[in-house]
Every structure is written in C-alpha cells, then in structure tokens.
Number of protein chains: 4
Amino acid sequence: MKTLNVGMIGYGFMGRAHSNAFRKVNNFFPLDRQIVLKAACGRDAAKTKSFADTWGYEAIECDWKKLINRDDIDLIDIAAPNNVHAEIAIAAAKAGKMVMCEKPLAMNADEAKTMVKAVEKAKVPNMVWYNYRRIPAVTLAKQLIDEGKLGKIFHYRAKFLQDWTISADVPQGGPGTWRLDVSVAGSGVTGDLLAHCIDTALWLNGGIDKVSAMTETFVKERKHALSGKTQKVGIDDASAFLARFSNGSLATFEATRYARGHKALYTFEINGENASIFWDLHDLHRLQYFDHRDAGYVRGWRSIHVSDGDHPYMKNWWVPGLQIGYEHSFVHQVADFVQGLSDGKPASPTFRDGLATDFVTDAVLKSAKTQKWENVKKA
Amino acid sequence: MKTLNVGMIGYGFMGRAHSNAFRKVNNFFPLDRQIVLKAACGRDAAKTKSFADTWGYEAIECDWKKLINRDDIDLIDIAAPNNVHAEIAIAAAKAGKMVMCEKPLAMNADEAKTMVKAVEKAKVPNMVWYNYRRIPAVTLAKQLIDEGKLGKIFHYRAKFLQDWTISADVPQGGPGTWRLDVSVAGSGVTGDLLAHCIDTALWLNGGIDKVSAMTETFVKERKHALSGKTQKVGIDDASAFLARFSNGSLATFEATRYARGHKALYTFEINGENASIFWDLHDLHRLQYFDHRDAGYVRGWRSIHVSDGDHPYMKNWWVPGLQIGYEHSFVHQVADFVQGLSDGKPASPTFRDGLATDFVTDAVLKSAKTQKWENVKKA
Amino acid sequence: MKTLNVGMIGYGFMGRAHSNAFRKVNNFFPLDRQIVLKAACGRDAAKTKSFADTWGYEAIECDWKKLINRDDIDLIDIAAPNNVHAEIAIAAAKAGKMVMCEKPLAMNADEAKTMVKAVEKAKVPNMVWYNYRRIPAVTLAKQLIDEGKLGKIFHYRAKFLQDWTISADVPQGGPGTWRLDVSVAGSGVTGDLLAHCIDTALWLNGGIDKVSAMTETFVKERKHALSGKTQKVGIDDASAFLARFSNGSLATFEATRYARGHKALYTFEINGENASIFWDLHDLHRLQYFDHRDAGYVRGWRSIHVSDGDHPYMKNWWVPGLQIGYEHSFVHQVADFVQGLSDGKPASPTFRDGLATDFVTDAVLKSAKTQKWENVKKA
Amino acid sequence: MKTLNVGMIGYGFMGRAHSNAFRKVNNFFPLDRQIVLKAACGRDAAKTKSFADTWGYEAIECDWKKLINRDDIDLIDIAAPNNVHAEIAIAAAKAGKMVMCEKPLAMNADEAKTMVKAVEKAKVPNMVWYNYRRIPAVTLAKQLIDEGKLGKIFHYRAKFLQDWTISADVPQGGPGTWRLDVSVAGSGVTGDLLAHCIDTALWLNGGIDKVSAMTETFVKERKHALSGKTQKVGIDDASAFLARFSNGSLATFEATRYARGHKALYTFEINGENASIFWDLHDLHRLQYFDHRDAGYVRGWRSIHVSDGDHPYMKNWWVPGLQIGYEHSFVHQVADFVQGLSDGKPASPTFRDGLATDFVTDAVLKSAKTQKWENVKKA
C-alpha cells in the first residue's frame, strides 16, 4: 500500500484531534494509502517530543520551514494559531506539499486569497478543517437537502453558544487562551465559532448575499497570559447577524462565549416548504427531521439516531444504536481527503471554500462597525 | 335543549375535577343535553355549601340517600372515597339514576361484581372515571392500534411513579391522605395508580391472563390523621408485576409513591412488529411514535404534538399548537358519556370494564402474597 | 359578593378564550367579585346569539356602541380585529368602562397613544391580553429574574414560529384569515407574533434601545376571502431583528409563519452571568433552568415541571404533576385583573405597557424599510 | 517504558472494539506501560491476517493454544463466542497470562466458577469486559451513589431494548448471528443484554437476593446459518424479572430484541430518598439527576452533559461540551486495567464479579422455568 507521510505543525487541542484522526483512519476506512505520522513540529522541543511520543510521530522538528523542506513529507497539516496559517500554507504549497489547514483559513479574506492563489497555482490538494460537515447527522442533513426533501427553503438559523470566558479572570494570549488575543486570532467568536456555522450554511444552503451584524465585547480588559499586563480586549465576545441567502431564504446567526449553561452548543435549523431539519452538537448523533408529507395525525419531529449502517460513515464503525463522538468527524475528513486523492476528485472544503466563509466573516465584522447592511463578496 | 341534572357526592380533588368537567362541557362540545349542576352532597354542611357556591351547584344535601331519592336528579356522580362506592352506586342504580363512579370501582372485585349486577339489572347508564383514556394522545394511541399500525404486539410496559409519601411524617387517613388508610382505600398504589395503568392496558392491548407480583410497604407505621395514633400501614407503597396478555405479549407494570423526582409520571410503551408508541403523563400532549415502515435512513421516534384539528377531541378546543391539560380528559369523558346517551351506545369504561381492572388488581395483590403466578379472572 | 359585569365584543378564537377565562376564574381563584357574562356583541345576530348561548351570556348586542352605553356593563372586553381596537377602547373609556383589549394594542404606536391617553384620562382600569406572561413557567422566570438569580444579563433570544400560511391557497381577509389582510391586522407576524415576544422581553429584561430588522413576504399575492379577488399581500410573513437592550444585553428576535413543523413554537432564552432560563410554548408547563452555582460535576439544565403548589398560580389548580394548558393563562390574567381592582393596584400589562411594545414593532417595521438601525421610542 | 503485549482471540465486533481500545489508550491516558498489539488469533488465516493488518498486530496465530504458549504474550484477550470462554481462559491462566474476557463470563455460573478458580489459583490479573461501567455518565452515577447523594434506595429499574431479530428471516448461528444459537451463546437476551444491566446494578446497588422471571421465544424456528437447516430456537428472545436487592430496594429488569424502534436502548433509573438518577445508552454522554434538596420551586431533573474536565475520564479527551462515544468505554477499561497493574489494585469487574452476574442470570433462567421466585447465589 502507498503511504501518505504527514508533517504536523502544532500540538495543542487541534494537533491532538488531527493526530487522532490520522492515526485511526486506516483502522476503520478501507483506503489505498497508509497514513504515516512522519514528524511533529513545534517551537518547544521538549513539548514537541512529548507530543510526538504520545502519538507515535517518528521524528520532531522545531522549525516549520525545515519540516516543509523534508522530502519524506507529503502533507503539511497546520494546527497552529490563525496568525501563522498563511505564511506556512503558502510556503508548503510552494514546496509542493499537500496542505490541510485548521479553520478559519486566515486572519481575514485578503490573506485567505493569497493562500488560495498559492495552493491553486501549485496544484496541491488542500483542505480546511471545517470538521462539522462530517458529523454523520450533518452529512445526512446535506443528503436530505440534495435529495430535495425540504423543497424551497424559507429559513436558516444557526447559533454557537459557549460560556467559558464569562469570568474576567480568563486571560488573553498564551496557550489555551490565544483565541482571546486579536493579534493571534484575528477576531473573536466571529472567526472561531460563527465561521463553523457559516461553513455549514454555505454548504447546505448556498451563498449569502448580505448581512446586518452586531458584535460586543463584554469584558473590555484582560490580563495577557504572556506579558502579564492587563490590556484592552480586541476580540468580539459575541456576534450576531441577520442574513439573506441567494436562494431567497432568511437567516439569523449568533455566536457567543457568554451563554451560561452551554459548553459548545452549535445548532442549526432549516425550514423548507415540505420538511425541516434541526441539529445540535450537544447531541451530535441525532438529527431532528419533520416531514410535512407524513399523514397529518402522525406527523411529528423525528429524532433520528444517526447510528445505523445506512447513515453516512456509520457502517465503518460499530453496530446500530452505538454512537460515535466529536473526534470521529476528523477521521471522516481524513478518509474523504485520502479517497479524494485516489479518485482525483478533491474533497471539500478546499481553501477556496474556506475563503468563501472568510468573505462572510469579513462582511459581518464590517457591518458591525458600519452599522449597515453589507454585501458579501463571492469566492 | 334537554337537561341532565347532576348530583355530586364528594367535594375533594375529584369532586372539583368532575365539577369542572360538567360545567365546561357544553361550552366546547355540541351536545343535545345541557348539564345542570343540581346539587352537591357532603357530610359537612359548611364545606359542602362553600363547594356548591364555588361551582354553581343549585343546592346541597348532607345525606347521600336524600340526594339519590330526589326526583330532579338524573345522574349520581360518586367522587367519594373507595369504601363507599359500592353502597352508593347500588342504591343509586336501584333508584334508577345513571351512575358515574370514581376509580377504582370498588374495594375489590367481589364488591365490584355487586355493583355491576346492580347497574345492569337496573339498566342505568354507568361509567367509571378512568379519565386517562381520553387524553387526546392516549386516544390517538388507541386509534393507531385499531388501525393496525403496530401489527403483532410483543411488549407492553407501564409505570406510574410518584414521590409524595416518602416522608414518614405524611399521615394516613383523613382528607387528603385517606389513600394511605387501607380501610378506606382498599389498597395502596395497586388500586390507586396501577389501576389506571391496567385500565389503559386492557383497552389498548386486550386481556391479561396471569401475573407475578411483588409489593412493599416502605414506611411501616404512620400516624392516623383522625385518631392521632400511630398505627400499622396496611397499604402497599410500591407494587410491580410481570404479566402475560392474551395476545401473547409480555408486560411489566410498576407503581410507587417512592420514586423521587416524579410527581405523576404515568408512562406506557407498546412495541409492535411494525411500530411502537410511547406516552408520558408529564408531557401528556405528546405521543411518541416510531414507524418501521419509514425509509431506514430517516426513521426516528416522532414526537407528535397532539394539538391539531385532526387529533381526537382537539378541534373542539383552540388552534393547532396550543396544548390542553389534565382536566380536559374529564371534559371529554362527560362529552362521550352524554353523546353515548344520545346515540344509545354507552360509552366505556362501564362498570363491567371497571370490574375487569379490579380482577387484575386482585390477582396482583394475591400474587404478591402467594409469591406465585396468579391467573386473572375475566369480567 | 360584588359582581363584575362583562360585555364581550367579538366571538372568534379570542372571544372564546376570554369567555372561558371569565367563566372559570371564580371556580378556581378566591376573588371578591363574581364575574357575570352580561352581554356578547357581534355584527351577525345569529352567530352572536349562538356564541352567547354556548357561553352563557345573558344577552346579545349587535352594535358595540349600544353595549358600551349600557349601564349594567362594568367592563368592555375587545376581542375584535386590530383595526377596531382604538375606536372601541376610546369610546368605552369615555363611557367610564374598564377596558380589556386583545393584543396588539393598536394598528401602530400613534394609534396606541390615543388609547393610552383615553384610558388614563378616564382613569379606567385597563389591560392588554398579553396572556403569555401568566403561563406559570413564564411567571416563574420573572420571579427568578427578580430574585437576582441570573445576575447581569448578556443575551436574550426569542422566536415565534408557525407554519400555517405556507400554502399559497390560504386566503387573506375574512374570518380566520383577517391576520393576513394588512388593512385589518396592521402588520403580519410583527404585530401578531413578535408582539408577544416583545411584551415578554420588556417585562423580563427591560427596555430595548435599538433594532436592526428584516421582513419578507414569501407569497406575494393571495385571494381575498371576502372579495374573492387575488390581491397583493401587504403583511410581513416573516420578521427578524437584532436588538440592544438598555441593560447592555444583546438580542435576536424572529417570527414567521413559514417554519415547517412548528404550530406555535414561541421560545425564549435568557443568559445571565450566573444562570440561564429557557421556555417553550409547545411544552409550556416546563421551565428549563441552568444554575452555574450548582457544583460543577452535577451542573445541568433542570427541567422544572411547573406544576407544584409553590409555583405561580398552581396551588389553585390540581395536584403536583398534573399540567394545565394554554387557556389557563387567560384565567390567571382575569384573576390578577380582578385582584388588582380589589387591591387598588392595576395589574399589568396596562395600555401603557402595550404601547411600549407597539413602539418596538414600529421600529422593527421601520428598520426593515430603511435597512438601518432604528431607535425605539419609550412609552 | 514497559510494554504490555496483547494476544487477541477473535476478530468480530468485539475483536475490533477491544483492539481499538488497546491501540488508543496510550494516546490519551498517561500509563507506565505501552500496549503492544503482538498477535491476533483466529481459525481463518486470511481473515485473521486482514484483521491484523487493519489493526497493526505484529503477527497472527490460527491456534489459540499456540498463542497462549508464546513467551512474548503478557495478556490474552478473549473476544470469541461464549462457548469457548472457559476453555481458553483456564488455559491462559495456567500459562500464567493475564486474561481479559468478553462478557458474559461463561455459558453458566458453574462454568464461570471454574474460570474464577483458575485465575485466582494462578494469581493472574483478570477482567470481564462489562464496558458500560466506564461510560463517564455511568461512572459519575457510581460516584454520586458512593458520595451518599441518593440516600436510602427504594427502586432500581433497568432495561435493554433492541429490535434486530424481529424478522423471522434472521438466521441463527454463524458469524454475526451466533448470539441466536443457544449452543454457542448459552442463552439469549438474558446473557447478552440483561447481563450488562445486572453487572451495572450489582456495582451501583449491591447484591440481588431473589428474582421472579419470565422469558419468551417469539420466533420458534430459524434457519441455521451454517447448516442451512431450519431448527428450533433455543434462546430467549425476551426476558424480564422482578427482583429484591439486599439493601431493601425493589427492581424491574427487562431485555428484548423485539422492541421496535430501539437499537440499543440500555437505560437504568435509581430512586433514592434524596435524589434519583437516570441514564440512557442512546444518549450516553448525559446523566439525568434529580436532587430533592434543591429549593422546591427550582427543582427539576438536571440533564448533565458529562463532557467536562471534572467528570470521570473526561479531562483526558477533548474540551468541555464535546462528546465521546461508545468505543471510549473500552479505552477506559484498558486504562484502568493497566493502572491497576501499576497500583497493585486489580480493577473490577474481575472474573469473580463476572460470576456474580452469572449467578443472577442463572436464577433468572431458572425462575422462568419453575415460574417461582428463585434465590440468587452469592459469588
């Protein structure tokens, strides 16, 4: 069997999630390439070594440029903070490597465009880790929409609610909290959480034409974990927007880290002429489905336990009724990426798809500033 | 319009529930008789007067024999404790009155048989207040079963869980707690709660052949509210049994007043070859329905919000989506009773139906003593 | 006992709901006035007579001006379409009658202001039928907020989703569908559904400063039920807005009649620093409550079955665990109105409270046109 | 780091689940031994080879006796059908290997006793794969009980419902359906599903004194997958029993493969004096908890999303709110087994614990035959 040698950059939360996916995928999906965890890369040698040992990487690097230039690496996976995505991805593309990049693609759409240009010029396979598309229940939603089960779409609503930054004692910057440092993250919940909602929405419901948004920073100052100094918070703590899709449907989107009681409540609902769909990350193995074509007196929202062999990806796991979890969406993404290589059909979301989401988040942040409706550029 | 003059015996919880039903039914259901609240009867004149004033009864009586002998009374409603059901019902039947009787029909099946004999000999319309049959979701369950949607039945399971007697300080006897005094109630949860489960089960799933039961009295002694003396508790605090139905299905039944967290959690589930049904009194306006004939990948338990015009009884209430509550089941029962008079087709459950439930509760209590499987007599 | 003589205008859905409330309230709530259903008023004599007979009104009137001028009427209840609220209410106030008016108060805020002026000048008790405040679970939400359980509020989100006008065959105008005729209804879902959401929100979370809205009319033309002619639809089928409350919290609001699968799904959620609350009209007897002060490992959303004696209004109904329904909110409103008369403390929402909601709906409709953020006037 | 060399027997559903656990555990749990997948063993060389390649076993064996005699194997894992558990386990113990055995431990308690004797005589670490103890929500339930949060226990109820054998076309015997062949499985749902319920119950609620049971075989004959002949079905399709625990609590247990709509609905509920607990395998990441000590008006069942760092095992996985699935319970079991080796404190359930469950299932099957209450032997 051919091998696919992975070079991983980053060893945080996402470094673990991606590594787990690369390590598991051949156990569950019949692919024609064997993934090899070739090298892990991080600035701190000791931590990188420990990470590499835990996950079985054959070697470590402390300079990502060296990693990129190694001949024995086929694919560079960027699991580092947002502010280094572009530089690494462009260099990797130039070096002829396949590139997988954690979301959001870039600090903003302008930067993302340079990344798209680089991978398309180099003709290297590329992908952004919008993993939620591949939760089986979400993939099933896509399937139902593609089959036309919903009919004309009237409404889309999505939200992503967390509560981990309510305390003013949570610092900004540094490991674990770099998402609160605007110079590293680019934005707050807009790029972190709404980006997920938007990627799914564009996939399920097509393009967004325009938005009207508001953002808020509830805690104005936080200590910086690296400098120790209290400084102004530059990110958005909460972000909500109204939107009109190209297909004529109306939408509301909202994300926040101040919704007490929710750890990672990403939900979306789609209302079509004939049927509706609802999904919730906190019970990610279920899809709620209402079909108006059922006889009136037995119509009801169906709670589909998406764990059966005829559900997306599920025949590769256990037996009906036994649920999988969050991490499996990453496994599916690797499986599809590798299958795409074999088929010569790149799996989405590509960098170009990731740019489309960045165009929306840019418009959201702009609208929040101008307090006007803003049009969304198209990728 | 003809009138139907009601004489009500009892002014407790059930006196109120029945009165409310009699008073409301003509507002919502097009019947050919106007209910008139003619007289309320209780031993305590002042309390009876207050009750009569609240509900608009034209008069009061303090002796139920007088009430029964009044010419202007068409129907005697027995909302008094279990130990007086038989005497009153038999006398009322002899006086040619229609009789509605709170459940359970009697202290035991032998007593119930005398009541059945009396009303059938007198040919007076008669009914037992097993109100849960007429929660719209439960009636819908019956409709689905009658339509054959479930196919061959394999399993029936029901439970009725409460938690109001966990404290040893709850007394037995007296108003509000006579259900803990075996001399008044006949039995504990078996006659009080399981009787509801059994009535519904016999209606939905046919006869029960045999049972194996266990009962328990967790708090062995309680103060008597009337005497003030601590005395042995004679009722069953908890009761559970295995059963085999005549149709070949297997069942489990359970009732208790020691299930912390449940106020009145009556649930039943029926599993058929093709479909299953689940209902829960705590969300009484919903019926859960699973239909295996739905396409596999969109199969799921449907949560039917039983509030639409094509659901049983619901076109008489508000608009779709707006739920009704517990009390409405009594209104439906009166509506059906009166409609039965008009149609010449007595509405069930009749006293004979009530006897069938008493045969089961008798077998349950016997099995708990003998520790053997006991056959159930047929009404 | 003193009497309170009611004159009812209208015999549709709301005429029934209000009549039921007036007729039941003395059965369940100890008040010092006995409600008397004195006269029902409608233009169609036969229909009015039938309605009066069903509900026990002593007499009928076919001209509301006559009703208002009867000396034996204490309270005028306006259950007629929106476009006649103002004229009737103002005349009733001038005639010294108490006035209860179905929501929304008026066709717009300007009209509503004249009504507020009239009742305040005449010093007559007045109330708007925003009934959802008095669903016990909603009243409990208010209680928890007033107790300070939530702490600083970050987010409010509400939606009211229906699906009954998706078919283009639903007419506009006429009985049952006048809500689709802008000349009678004033607006579409903004005044009909969002008004409910807004009234609750103002009550629970204080004033709204500004909004950014969008509206849509999905079906552009409908036949008029009275004229039989197809004509342009003037109402909004869907309406959504972002809002900023005076207390610094952010909000999203949405209403539509195009959300397949929802009959009357009014939900709201409030996220505070210490606790959060969620409520859903489709399970109106439950309140979801999350308290961050619970020990971390046993923290969870509590599903409170609001049916116990220590819950608002519930001790007047049945026993713990037995739920009430939609109609009971109207009974509570009458009970509080009458109690307010006795206490000399007018119950809310008064006409002035109703005006506050109209200021918001006016701003919403304006913003949808101007495509700008609009400030909300204060009542 | 020390290694722990695993020899796996069986390559079916459980062979995969165990292999996944062995392969993942060092990625997530800091242990002092590195698991090595040394050899996989099965009778079919080609299939065993394919399995070994998929999972990364270094070698294969086709004779389990050879595997057991290899010096480089530390631990024998038995993932083969029930009828070979005893022979293999006893031989492995004699060879001085640690033994992990899939549940139920044996065909019956007599056989299980010989296995207990063997491992205890050989003093080899041993464990039965009752994996559900280590679903974090179930482990949390144990923790709450051990902390005394529930108080005196009144009720225990458990059920395990499936629907995969309703069709008479499902064969017995052979791969995938050997659980329907009594000569291989020992019993039907009693040993397969109820055994899980019983193991959890003994762990959470202590010993069971006596049981009254019923079983049923709905489909009397099925084709045998290997012989192709239609023959009598010897297993129980459904099994239910009443039980009394040593602590005075009452219980109902039920398992079936004929409950349409349920794939693997294992649920249990425990009602204590002060608190209650409910868990459901179909939403395995949640624990429902009701605490009567909460203030009355905000009491409710808490839906605990068991995904936070202070929940059992969860700090080793992702971030709060992100759920894990079924397979992770096996990972936890390996982690605890290895940690037990390091600590010198064997992790449960040991073979002796597995025997305790077999005593209960024996009593259940006996009671179903004798139609009497049967006492349970103690391990």
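Visitor: What makes D:Y313 count as buried or exposed?

Guide: The rule is a count of neighbours. A residue is buried if 20 or more other C-beta atoms lie within 10 Å of its own, exposed if 12 or fewer, and partly exposed in between, with C-beta atoms placed from the backbone. D:Y313 has 21 other C-beta atoms within 10 Å, so it is buried. A word on the source: this is a predicted model, where local features need pLDDT of at least 70, side-chain atom pairs count only at pLDDT 80 or more, and totals for chains, interfaces and linings use all residues. Residues are numbered from 1 along each chain as its sequence is written, while chains are lettered from A and ligands numbered from 1 in the order in which they are written.

Visitor: Where is the place of D:Y313 in chain D?

Guide: D:Y313 sits in the loop between strand 16 (301–305) and helix 9 (328–343) of chain D. Helices (H or I, at least four residues) and strands (E, at least two) are DSSP runs, numbered from the N terminus.

Visitor: Which residues does D:Y313 touch?

Guide: Two residues are in contact if their C-beta atoms, placed from the backbone, lie within 7 Å. Leaving out residues up to four places away in sequence, D:Y313 touches D:P136, D:T139 and D:H332. D:A225 is another matter: its C-alpha atom and that of D:Y313 are separated by 41 Å, and the two residues are 88 residues apart along the chain.

Visitor: Why is helix 6 of chain C called largely enclosed?

Guide: Count its buried residues. Helix 6 (residues 136–146) of chain C has 8 of its 11 residues buried, so it is largely enclosed by the rest of the structure. Among the buried ones are C:P136, C:V138, C:L140 and C:I145. The buried residues pack against helix 8 (189–205), strand 14 (275–280) and strand 15 (286–291) of chain C. Just after helix 6 of chain C, C:G148 takes a positive phi of about 85 degrees.

Visitor: How do you know what span is expected of helix 5 of chain C?

Guide: The expected span is 1.5 Å times one less than the number of residues. Helix 5 (residues 109–122) of chain C has 14 residues, and 20 Å is expected. From first C-alpha to last, helix 5 of chain C reaches 20 Å, close to that value. C:K123 follows helix 5 of chain C, and its phi is positive, near 55 degrees.

Visitor: Which residues of helix 5 of chain C are buried?

Guide: They are C:A109, C:E111, C:A112, C:K113, C:M115, C:V116, C:A118 and C:V119. Their packing partners in chain C are helix 4 (85–94), strand 5 (98–101), strand 6 (126–128) and helix 10 (351–370). Here is a general point: an α-helix has 3.6 residues a turn, so residues three or four places apart point the same way.

Visitor: What makes strand 1 and strand 2 of chain B a pair?

Guide: Two strands pair if DSSP finds at least two bridges between them. Strand 1 (residues 2–9) and strand 2 (residues 33–41) of chain B are joined by 8 bridges, and they run parallel. The chain crosses from strand 1 through helix 1 (residues 13–28) to strand 2 of chain B, and this β-α-β crossover is right-handed. That word applies if, with the strands pointing away from the viewer, the path from the first strand over the helix to the second runs clockwise.

Visitor: How many bridges join strand 2 of chain B to strand 3 of chain B?

Guide: There are 3 bridges, and strand 3 (residues 59–61) of chain B runs parallel to strand 2 of chain B. The crossover between them goes through helix 2 (residues 45–55) of chain B and is right-handed.

Visitor: How do you know where the domains of chain A lie?

Guide: Domain bounds come from an automatic or database domain assignment. For chain A, the assignment gives domain 1 (2–130) and domain 2 (132–374). Their centres, taken over C-alpha atoms, are 23 Å apart. The contact takes 36 residues from domain 1 and 39 residues from domain 2 of chain A. Helix 1 of chain A gives the most to the domain 1 side, with 8 residues.

Visitor: What takes part in the contact between chain A and chain C?

Guide: Each of the two chains gives 30 residues. Strand 12 of chain A supplies the largest share of the chain A side, 4 residues.
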